[in-house]
Amino acid sequence: MMRGVDGDHPLRNRIKVARAQHDLTQEQLADLVGVTRKTINTVETGKFVPSTVLALKLARVLHTTVEELFYLAGAE
């Protein structure tokens, strides 16, 4: 598995920013996509890489694309 410079997974995301733009809490976003608040938290912090289905649901609810929401470290 590839690792980022800081030892974490190289996948990064902009979920927290997108949530703020839509004035959503982690709990509200979780309810909208059918997961727990803890799942949203672990995805936001990079501890968990979401499934393709979850990534697509997050992008749809946050009115963006998967490519805008998720990116590889160093490709910013």
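Which residue just after α2 takes a positive phi? In this predicted model, local features need pLDDT of at least 70 and side-chain atom pairs count only at pLDDT 80 or more, while totals for chains, interfaces and linings use all residues. Residues are numbered from 1 along each chain as its sequence is written, and side-chain values use heavy atoms, with hydrogens and water left out. The residue in question is G34, with a phi of about 80°. Helices (DSSP runs of H or I, at least four residues) and strands (E, at least two) are numbered from the N terminus.

Helix α2 (residues 26-33) packs with helix α3 (residues 37-44) at an angle of about 105°, and their axes are 8 Å apart. Helix α2 is therefore roughly perpendicular to α3 (65 to 115 degrees, between N-to-C directions of lines fitted to C-alpha atoms over the stretch in contact). Contact (heavy atoms within 4.5 Å) joins Q26, E27, L29, A30 and V33 of α2 to R37, I40, N41 and E44 of α3.

In α4, L54, A55, L58, A59 and V61 are buried. Packing partners of the buried α4 residues are α1, α2, α3, α5 (66-69) and β2 (70-72). Just after α4, H63 takes a positive phi of about 55°.

Note on methods. Axes fitted to C-alpha atoms, helices over the stretch in contact; angles between N-to-C directions. Parallel < 35°, antiparallel > 145°, perpendicular 65-115°, else oblique. Buried < 20%, exposed > 50% of the residue type's maximum accessible area, 1.4 Å probe, protein only.
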